[in-house]
Amino acid sequence: PQETIYFEQTHAKNLVDIALAADSRFIGWEIACLGRRLAGEAFLAGRVQQRLRVSVDGKPMFIEQGALAASDAALTSSVGFGGNAAFATFVAYAEGLSPALLEQCRQSAVPPDFKVGLTLMGKVLVGRAMGNSPEAIRAIFTAWWKIIRETVCLRVAVEPRIWQT
């Protein structure tokens with residue numbers, strides 16, 4: 001679950017395709033960070049293209065795609081990124097995803113100045129987060145992962161040690 005950091009002058013494509021069977025269970029996320037703010041590095045030049053696609057038995061269930069250039073007004077606009085450097089998408093697919101589970105996830109703590117939203121579309125739960133800390137987004141998504149894993153996967157949610165590196 002480590003974030004992808006787009007450094008100054010990056011020209012990158014990040015294309016993720018998740019192919020599932022109908023009886024599958026999946027929980028995953030993509031976190032991106034424009035520059036390294038703590039190191040004093042901004043994303044002032046470059047271009048990023050991203051796509052996240054989840055299909056079940058060959059049928060698209062969720063597709064998110066976009067392209068950003070460092071010069072895009074949307075990065076600083078209050079109706080866009082609002083100057084936030086970190087943004088992310090969380091996706092879960094499983095039987096047993098329910099409005100009650102969605103509400104449990106919505107009760108998770110969210111730091112001030114972060115924008116977070118969750119939507120349930122049948123067997124697909126989609127969450128989005130935006131702020132200035134990829135670590136805080138990872139903490140939010142890990143909380144959602146724990147709730148969903150214990151409910152739909154019937155497994156204790158123990159974070160893998162590699163998530164701490």
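Two strands count as paired if DSSP finds at least two bridges between them. The legends below describe close-up views of a predicted model.

**View 1. Strands S6 and S8 in the sheet.** S6 and S8 pair in the antiparallel sense, over 8 bridges. Thr89 stands opposite Arg128 of S8. The open sheet holds 5 strands in the order S1-S3-S6-S8-S7, and its pairing is mixed. Strand S1 (4-6) and S7 are at the edges with a single partner strand each, so one side of each has no neighbour in the sheet. Direction ignored, neighbouring strands here are turned against each other by 15 degrees on average.

**View 2. The largest nonpolar core.** This core has 27 residues, and those touching the most other members are Phe90, Leu97, Leu125, Ile137, Phe141 and Ile148. Two or more residues come from each of strand S3 (26-34), strand S6 (86-93), helix H1 (99-106), strand S8 (124-131) and helix H2 (134-152). H2 gives the most, with 9 residues. In soluble globular proteins, nonpolar side chains tend to be buried together.

**View 3. Surroundings of Leu97.** Leu97 is among the core residues that touch the most other members. With neighbours within four places in sequence left aside, Leu97 is in contact with Ala92, Leu120, Gly122, Lys123, Val124, Leu125, Ile148 and Val152. Of these contacts, Leu125 and Ile148 are also listed with Leu97 among the core residues touching the most other members.

**View 4. Helix H1 against its neighbours.** The buried residues of H1 are Leu101, Leu102 and Cys105. They lie on the same side of H1, because the arc they cover around the axis is only 105 degrees. These buried residues pack against strand S7 (115-121), S8 and H2. The face of H1 turned away from the buried side carries Pro99 and Ala100, which are exposed. H1 lies across S7 and S8 and runs at about 170 degrees to S7.

View 5. The model has 6 aromatic pairs, counting rings whose centres lie within 6.5 Å. One of them joins Phe81 and Phe87 in an edge-to-face arrangement, with 5.1 Å centre to centre and 85 degrees between the planes. Both Phe81 and Phe87 are buried. Trp29, Phe90, Phe141 and Trp144 form one aromatic cluster. Two members of this cluster, Phe90 and Phe141, are also among the core residues that touch the most other members.

Notes:
Residues are numbered from 1 along each chain as its sequence is written. This is a predicted model: local features need pLDDT of at least 70, side-chain atom pairs count only at pLDDT 80 or more; totals for chains, interfaces and linings use all residues. Side-chain values use heavy atoms; hydrogens and water are left out. A nonpolar core is a set of buried Ala, Val, Leu, Ile, Met, Phe, Trp, Tyr and Cys residues joined through side-chain atoms within 4.5 Å. Buried means under 20% relative accessible area, exposed over 50%, partly exposed in between (1.4 Å probe, protein chains only). Helices (H or I, at least four residues) and strands (E, at least two) are DSSP runs, numbered from the N terminus. Contact means heavy atoms within 4.5 Å. The arc is that of the directions from the helix axis to the C-beta atoms. Axes are lines fitted to C-alpha atoms, for helices over the stretch in contact, and angles run from 0 to 180 degrees between N-to-C directions. Rings of Phe, Tyr and Trp (its six-membered ring) pair if their centres lie within 6.5 Å; planes under 30 degrees apart count as stacked, over 60 as edge-to-face and the rest as tilted.
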